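Visitor: I have a model to look at. Can you show me how to read its features?
Guide: Gladly. Here it is.

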Amino acid sequence: MAQVTKSTMIGELLTIDENVAPILLEIGMHCLGCPSSQMETIEEAAMVHGIDPDALVNKINDFLAK
């Protein structure tokens, strides 16, 4: 089972499981295809979008565990 951390890059996350994209889209991360977003960490992306990074990591890891 894959697990991510706040330091996981968005590009790496989408490689782990592309089906996590809707979670990112629902919180306003509409630039998933942008090259610069691929090099952001989950923490950086969450902070830019006003989201608690720990809550986002927990939500993603819950999704990946299913």
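Visitor: Is Asp54 buried, partly exposed or exposed?
Guide: Keep in mind that this is a predicted model. Asp54 has 41% relative accessibility, so Asp54 counts as partly exposed.

Visitor: Which residue forms a salt bridge with Asp54?
Guide: Look for a side-chain nitrogen within 4 Å of a carboxyl oxygen. Asp54 pairs with Lys6, and their closest N and O atoms are 3.4 Å apart. Asp54 sits in helix 5 and Lys6 in the segment before helix 1, so the bridge ties together parts 48 residues apart in sequence.

Visitor: How is Lys6 linked to Glu43?
Guide: Lys6, Glu43 and Asp54 are linked in a network of salt bridges. Between Glu43 and Lys6, the closest N and O atoms are 3.9 Å apart. Glu43 belongs to helix 4 and lies 37 residues from Lys6. Glu43 is partly exposed, at 30%. Lys6 is partly exposed too, at 30%.

Visitor: How many salt bridges does a search of the whole structure find?
Guide: Three. One of them joins Lys59 and Glu26, at 2.4 Å from N to O. This pair links helix 5 to helix 2. Lys59 is partly exposed, at 38%, whereas Glu26 is exposed, at 54%.

Visitor: Now the nonpolar core. Which residues have the most contacts inside the largest one?
Guide: Leu24, Ile42, Leu56 and Ile60, in a core of 17 residues. Helix 5 gives the most to this core, with four residues.

Methods: Residues are numbered from 1 along each chain as its sequence is written. This is a predicted model: local features need pLDDT of at least 70, side-chain atom pairs count only at pLDDT 80 or more; totals for chains, interfaces and linings use all residues. Side-chain values use heavy atoms; hydrogens and water are left out. A nonpolar core is a set of buried Ala, Val, Leu, Ile, Met, Phe, Trp, Tyr and Cys residues joined through side-chain atoms within 4.5 Å. Buried means under 20% relative accessible area, exposed over 50%, partly exposed in between (1.4 Å probe, protein chains only). Helices (H or I, at least four residues) and strands (E, at least two) are DSSP runs, numbered from the N terminus.
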